Amino acid sequence: MSDSTTAAHTHEGLHNPALLHHFATEEQQKDSASFGMWIFLGTEVMFFGGLFCAYLIYRGWYFGDFAAASKSINAALGATNTGVLICSSLTVVLAIWAAHTSRRGLMLLMLALTMLFGLGFLGIKGIEYHDKFVEHHVPGTSFSFEHEEIPGHPGQYANARHAEIFFALYFIMTGLHALHMIVGLGIFTWLFIKAWRGMFTPRYYTPLEIGGLYWHFVDIVWIYLFPLLYLIDRHQ
Amino acid sequence: MATATVPAVERENYLNKHYGVGSWLLTTDHKRIALLYLMSITFFFFIGGFFALLIRLELLTPAGDLLQADTYNKMFTQHGQVMVFFFLIPSIPAVLGNFLVPMMIGAKDLAFPRINLLSWYLYIIAGLMMLHCMLTGGVDTGWTFYTPFSTAFSNTKVIEAGLAIFVAGFSSILTGLNFVVTIHRMRAPGMTWSRLPLFIWAHYATSIIQILGTPVIAITLVLVVAERALHLGIFDPRLGGDPLLFQHLFWFYSHPAVYIMILPSMGVVTEIIACFSRKRIFGYTFVALSSIAIAVFGFLVWAHHMFVAGISVYAALIFSLLSYAVAVPSAVKVFNWTATLYKGSIHYDAPMLYAFGFLGLFTIGGLTGLFLASLGIDMHVHDTYFVIAHFHYIMVGGALMGYLGGMHFWWPKISGKLYPEGWARLAALIVFIGFNLTFFPQFILGYLGMPRRYYQYPPEYQVLNVLSTAGATVLAVGYLMPMIYFLWSMRYGKPAPNNPWKAAGLEWTTQSPPTTFNFDEEPVVTWEAYNYDEIDADHKEVTVVG
Amino acid sequence: MFDNFPLWPQRASSIAGNVDALFIFLIIVSGMMTLLIFCAVLYFAARYRHRRGVLAEQVEGSTPLELVWTIIPLGVFMVIFGWGAFVYFQSRTPPRDATEVYVVAKQWMWKLEHAEGQREINELHVPVGRDVKLIMTSQDVIHSFFVPEFRMKQDVLPGRYTVAWFRATKPGRYHLFCTQYCGTQHSGMIGVVVVMEPAQYEAWMSGTNNGPLSAAGEKIFAELGCATCHRSDTQGRGPNLIGVFGKPVQLEDGRIITADENYLRESILDPGAKVVKGFKPVMPTFQGLISEEQLNALVAYVKALGGPSQPGTRTAMSEGAAGKGNQVQ
């Protein structure tokens, strides 16, 4: 709620230069920024949600074919990536804690590590995509998925057209996720530069917080993607 | 409030504070951004209207003799896309909402002024993409993009149109996000939720839909574009996909989208009826909650567009039942507006004439929705002109009339000038008559069986089509008139006092036009919304209409 | 009404009257509501117009009134819903012994084949008073089969069958429209349904010399080698198809489904999707190898195998209650 004082606009020099003119208090500004980011993440949930919905429907209809296709993607790499992202979320939290407690060096280190982990994730993704390209599992004219057994049903082969749908959704889902990671890297580059220039103090580190929220969200999307895509019927 | 006279020297306001193209294109003032939107959406309105004109001209004769079939198909597609995504969805929120939401709650600006400007730039980029698409071949899939036609059979620029709408959707999401945060966090002291103008409640509900629904059409368009570009099979049965999946995803957004288009207009009409009846709205709480109810229920009815599409009988039953549920809050609003007139003191200024028009036409449009929600009738009238008449009654008879009423009502505040009242009343009447002549015959055509998207038809449908086209020309005149006299008034209109209508609402306490930061001092609200009894009792406060 | 200026479509099918009755009921209800609102608004606008010195009276609201005008419309809406649902159910439940016509829609024409063998393009001849069931599919995009005077409409989808039915009640020629936008000649994809007196229809029917569709299907069944695996005993690599149509089928994964037209179609085009319990998934797919018309013929043939009069042959399917009849979802 907005503050009832109008003192913030007497330019006494008591307020933070980062306070924007249309806000009455720093608290209002911080709350608004945070709220805005949560809403934006809500839109992202709906965005990925449509995709997850399409995926779940086809997985229900073509379970065996999807299981066969899922077996051909590298779960070890996927699991590694999951670990990488979780570590990167940890470094984000530590960076924010460092800002909150005036630890400039630690903050910069954690921000840099976050970006490193992000790049690592993208690198591993690149390897996976390359593998898929080489195996002709990229949907399109050179797609091929013949004689792949359905897990748990020896002698029964997957329908290549249905498997192609799996791969189409796989690339679109992980591709969109990777795009969001790249945007996240851009955001963190900007945050790093601003942190270097001393923008963040214990009193004001809102951009770090909302950048962190975004990064955590991208992490959570992956945590759903990983089991859905990589771990269909793996116990077979 | 300000004094009764207007000084000889023009006071500083948001229009004259800075000059130059740069000061407009880089502004973060919500009022200037509103005007930037006003110019852009008016431009697209005329583009969409031009396509409508060609459609109606073609339909004067049963044969397809004015345009080629492919061209006609592009005309109705682009008419729909431009009108829905580039006119109706932004119109009231981006123009009146942007201008008024901060002022109505006593704030200096929206929560995120730079994001507001970004949302306009996204709209412009999307608009340029759409224009380019239309000028370099166009798109002919119908605004509904049904697969597999759009993904595997159409030879037109589906990808470009899809991407343009994707970008426009992002603009819409940012506007909604801005409004929700602003309404939650930036209300002036004393402005509690139950003191908010119902215009704010309506925009809040609209913003919820924009935030939750638009991303789904975004991902749907991404899938369509990917399928078309890479020859995937997500929606193509020949490749294992399901065309009905597209329809579900598409309508999951596009049905709530129609509530994005009508809710703000309902908010406008509420403000106008209260002001020109000099009364608090009857049943404030019910009207406020009905906006939220429409937003919530609106997400539960999408498959009523698919009753004959091949869904199961049981799914159809559920969606029909829910569609009747969503009709109830709209009916409640109509009753409350009517009851507000009871024992009021009613003025017939142009905004009120538009509000009356809205009441009549929205009632008819809404009632015909009951026909469509009925499974037994929808079987017959789905995909016919009956549907076209229904949604034009709501979109044009409802949303557009609300928009025009709102533009007239707040014009003195926005521009500092008064529009010519006589011409405005005439225009309202012409619009009402032209509208009914254009669209009522289409109900009959639809029940007779004339399908949508037909450019040639059996000869026995001609008389009704000619009536409809005749009406469209009258309607066009009615729309051109405000364009002309609003522009005229900016140069030659009488200067407006701060509150020409003696209306309630914080926006009327500012000068006309307002200063850049709206309020000299942050207001502290101690009165209820629509306190017309206090306003009318206290004549000292009142300025005389010019 | 006037011949060249009609305001109401003719009623030419058994449900047209029901649909019209519902429509008229809605016109009455809407008309009354519109009149009520219009009169109230006009009356209040005149009676309470602004007069100098007379102030408005602030009426806050009235919860009882709000409840009344919420609950009464809801009640009326439920009546409309129920009536509409009833009419819809009738329209989507084809009667058991309807004559079948297979429809293949393509850009931009209608190809129809009666089960009795006649083929038509953009025309459908039917006798008055007979139940006719349309089993429809599209070769390309989504179309929609619409006969306004029958009050009948059903989208026609690629990749599956959709079903509609009607019983014509009046001889005449009636418009057939495609009413789901399908490209350039969408508005040219029109035809005519010709309803004839039974005697005339018999005469028309005997004018063709195609055998019944199921006979054509039998030929294809042999040519494609289906009989090699689908023998009429229990020794085949594939299930015995005699009497399969309309009955429950138990699948490998435990599900029990009804063998309707879509199941037969899917079994030919995507045999791995639903494997019958006790059989191996060895059937090759015929996707891309047969046309929609050939597929219709095969389906018609399988449907004709072992009707209720046939002595029950042992099949690989579970015994059980008779299936849901000729109903396709």
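Analyst: Here are the notes on the chain contact, a helix pair and a sheet.
Analyst: This is a predicted model: local features need pLDDT of at least 70, side-chain atom pairs count only at pLDDT 80 or more, and totals for chains, interfaces and linings use all residues. Residues are numbered from 1 along each chain as its sequence is written, with chains lettered from A and ligands numbered from 1 in the order in which they are written.

User: How many residues does the contact take from chain B and from chain C?
Analyst: Chain B gives 76 residues and chain C gives 73 residues (contact: C-beta atoms, placed from the backbone, within 7 Å).

User: Which helix gives the most on the side of chain B?
Analyst: Helix H10 (residues 313–341) of chain B, with 14 residues. Helices are DSSP runs of H or I, at least four residues; strands are runs of E, at least two.

User: How do H11(B) and H1(C) pack?
Analyst: At an angle of about 165 degrees, with axes 10 Å apart. Axes are lines fitted to C-alpha atoms over the stretch in contact, and angles run from 0 to 180 degrees between N-to-C directions. That makes H11(B) roughly antiparallel to H1(C) (over 145 degrees).

User: Which residues meet there?
Analyst: Among them, Phe356(B) and Leu359(B) in H11(B), and Leu26(C) and Met33(C) in H1(C).

User: Now the sheet. What is the strand order in chain C?
Analyst: E3-E2-E1-E5-E8, an open sheet with mixed pairing. Strands pair if DSSP finds at least two bridges between them. E3 (119–121) and E8 (162–167) of chain C stand at the edges, each with a single partner strand, so one side of each lacks a neighbour in the sheet.

User: What sense do E2 and E3 of chain C pair in?
Analyst: Antiparallel, over three bridges. Leu112(C) has Glu120(C) in E3(C) as its bridge partner.

Conventions. Contact = placed C-beta atoms within 7 Å. Parallel < 35°, antiparallel > 145°, perpendicular 65-115°, else oblique.
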